[in-house]
Amino acid sequence: MELFMIEAFAEAKRVLAAGEVPVGCVFVLDYDDKLQVIARAGNDVNGTKNATRHAEFLCIDQVMVFCKRKNLKESDILSKVTVVVTVEPCIMCSAALHELGVKEVLYGCANDRFGGKTLVDVSYVTNKTHDKLHVNGGIYADEAMTLLKDFYKGENPSAPITKTKR
Amino acid sequence: MEQETTEPAKRIKLSATSECYANAILTDEYMQELPRAVVYLSELENKRQISCVMQELSKMLPLEKMGLQHLKRVRQQDILLCKVIDLSGQPIREYLTTVGLSEKIIHILCKNLREQEVPSTAPLLRWQYENAQKYWPCKFHPDKYIESLHSGSIFNEKDRTFHAKIIEILFEIFSKLEANKPCGICIDPRNNAIVAAASSRITINPVMHCPMVLVDYVARTQGGGAWQKELTQEFGNLDGDSYKEMEENSILSGIPTSYLELLRNDKRFTDVQIGAEPIRCKTTVEEMVQNQQSSNMDNLAKYGPYLCTGYDLYLSQEPCLMCAMALVHSRARRVYFLNRSSNGALVTRLKLHSVKELNHHYEVFECKKHDCSNNTKCS
């Protein structure tokens with residue numbers, strides 16, 4: 001499963017070129033003893049002017065299309081999906097993935113600013129304490145961090161200038 | 001402004017004319033009694049001893065070092081020595097010697113010792129200050145703004161009338177147009193104009209909770225938006241003229257057609273402004289910033305629309321964790337909600353705005369008016 005992280009990286013690098021925060025994600029479906037990537041995306045926040053367009057959300061949208069096309073029930077599919085993402089899902093994404101009931105989440109580096117696992121007990125707040133979703137990180141963490149650092153060295157072209165701290 | 005003179009410790013009960021009020025959901029540090037620590041007090045025999053004792057104590061055992069700088073040192077003949085816990089089991093006499101007090105002073109201090117509970121952190125609001133005074137005299141630097149949030153005096157009659165109006169519109173959309181699905185409205189508070197309005201679309205996609213759709217409609221007013229394909233119907237059925245207007249007027253592109261018709265045709269709402277400020281071109285922003293007229297302005301006034309910066313959101317349901325965090329990412333200024341949700345993340349299961357590590361914090365208000373729904377969950 002860890003090898004799918006390489007595909008997630010490809011997405012991260014692709015959106016970095018478009019000026020997005022370089023986070024990439026793939027949804028891996030484990031079905032009939034076959035592993036299959038059914039969604040892949042990077043962040044698309046600046047492109048859509050919508051701060052919620054994280055890679056995970058684009059993948060969720062793709063799964064909806066996938067299920068509709070194949071006439072499958074979303075919840076049946078999502079429960080067999082491993083989410084592989086280069087950076088720890090933020091609180092919003094983590095809450096969504098808990099709510100949707102994916103099988104597990106594997107991430108690269110931690111996210112101490114928004115991280116769902118680091119800052120908040122997401123399974124408690126979303127009331128999903130039984131069937132606890134496993135969220136584990138540390139896969140290719142250095143590579144993921146390096147990519148983020150490269151981005152933040154440059155400037156987010158859409159962000160307003162932050163107020164200077166008194 | 002008139003409310004400022006009334007007693008700030010009590011929440012203001014609203015006058016009969018306004019049926020709507022918004023209570024700030026403050027983080028726990030403002031709502032809870034101050035934590036307390038146990039300290040040693042020494043009761044001196046007479047007040048003349050205070051000055052010489054104080055001289056040594058402030059040098060050897062300063063309050064700052066114990067994190068008790070918000071307390072006064074003396075109350076009548078009682079003088080505060082140190083936290084009991086700092087002794088880690090050592091006898092007090094020995095401890096006072098270790099920190100370097102002179103024999104003479106230790107002798108005076110140890111004549112009449114007792115333990116006492118005192119507030120271990122500084123009071124933030126007047127009610128905490130008044131409560132703290134019962135334990136031990138405190139210093140207090142009132143924060144007018146937070147105090148007004150707590151008392152409700154932040155809103156004047158005009159604000160409350162506006163809240164009531166928006167909630168009326170929300171209720172109308174909710175009950176007449178959306179079959180009791182959660183609804184939300186985004187307001188630009190500078191001119192009280194409706195920027196966008198939306199309702200839950202979880203039948204299309206399980207993550208299309210009302211606030212998620214709402215921020216995407218706000219994005220449309222800025223030339224963005226992610227769910228253009230999935231959510232086209234709402235903006236369909238336009239006659240030729242309206243469609244042309246929408247094309248030319250992206251400032252209205254956050255408001256679905258049926259809502260727009262309601263706002264334009266219902267006499268109760270015709271005085272409400274609609275439409276977002278168009279996004280500014282980069283050079284205008286740079287000029288403004290260079291002219292330095294902008295030092296006191298917030299980011300919305302300074303740079304123009306960017307995500308939900310400076311905007312206020314009115315929601316029929318308390319947002320869940322996903323939605324509450326989406327509004328943090330979107331940099332909303334305020335979130336007003338009507339009904340608590342069983343999965344709510346602003347008061348019910350968590351106060352997301354109390355997570356200090358986040359890079360943005362909005363203010364949260366719970367509105368009371370119509371019993372808008374029997375909904376119990378954010379969706």
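The following dialogue discusses how to read selected features of a predicted model.

Me: On what conventions do the numbering and the values rest?

Reply: Residues are numbered from 1 along each chain as its sequence is written, and chains are lettered from A and ligands numbered from 1 in the order in which they are written. The model is predicted, so local features need pLDDT of at least 70 and side-chain atom pairs count only at pLDDT 80 or more, while totals for chains, interfaces and linings use all residues; side-chain values use heavy atoms, with hydrogens and water left out.

Me: How many helices and strands does chain A have?

Reply: Helices (H or I, at least four residues) and strands (E, at least two) are DSSP runs, numbered from the N terminus. Chain A has eight helices and five strands, in the sequence order α-β-β-α-α-α-β-α-β-α-α-β-α. The radius of gyration of chain A, taken over C-alpha atoms, is 16 Å, close to the 15 Å of the globule rule (2.2 Å times the number of residues to the power 0.38) for 166 residues, so chain A is as compact as a globular protein of that length. Its C-alpha atoms fill a box of roughly 55 × 35 × 30 Å along the principal axes.

Me: What percentage of the residues of chain A count as buried?

Reply: Burial is read from relative accessible area: buried means under 20%, exposed over 50%, and partly exposed in between (1.4 Å probe, protein chains only). In chain A, 52% of the 166 residues count as buried.

Me: How is a pair of packed helices described?

Reply: Two packed helices are described by the angle between their axes and the distance between the axes. The axes are lines fitted to C-alpha atoms, for helices over the stretch in contact, and the angles run from 0 to 180 degrees between N-to-C directions. Helix 3 (residues 55-70) and helix 5 (residues 91-100) of chain A pack at about 30 degrees, with axes 9 Å apart. These two helices of chain A are therefore roughly parallel (angles under 35 degrees count as roughly parallel, over 145 as roughly antiparallel, 65 to 115 as roughly perpendicular and the rest as oblique).

Me: Which residues make the contact between helix 3 and helix 5 of chain A?

Reply: Contact means heavy atoms within 4.5 Å. Helix 3 of chain A contributes A:E56, A:F57 and A:I60, and helix 5 of chain A contributes A:M92, A:C93, A:A96, A:L97 and A:L100. By class, this contact has seven nonpolar, no polar and one charged residues (Ala, Val, Leu, Ile, Met, Phe, Trp, Tyr, Cys and Pro count as nonpolar, Asp, Glu, Lys and Arg as charged, and the others, Gly among them, as polar).

Me: Is helix 6 of chain B mostly covered or mostly uncovered?

Reply: Helix 6 (residues 144-151) of chain B is mostly covered, with six of its eight residues buried. The buried residues are B:I146, B:E147, B:S148, B:L149, B:H150 and B:S151. Their cover includes strand 1 (21-24), helix 1 (28-31), helix 5 (126-133) and strand 10 of chain B.

Me: Where does B:Q76 lie, and what is its phi?

Reply: B:Q76 lies in the loop between strand 3 (74-75) and strand 4 (78-83) of chain B. Its phi is near 50 degrees, a positive value in a residue other than glycine, and B:Q76 is exposed at 62% relative accessible area.

Me: Which residues does B:S342 contact beyond its neighbours within four places in sequence?

Reply: B:S342 is in contact with B:T348, B:R349, B:T376 and B:K377. B:S342 and B:K377 are 35 residues apart in sequence, yet 5.4 Å apart in space, C-alpha to C-alpha. B:S342 is partly exposed, with a relative accessible area of 41%.
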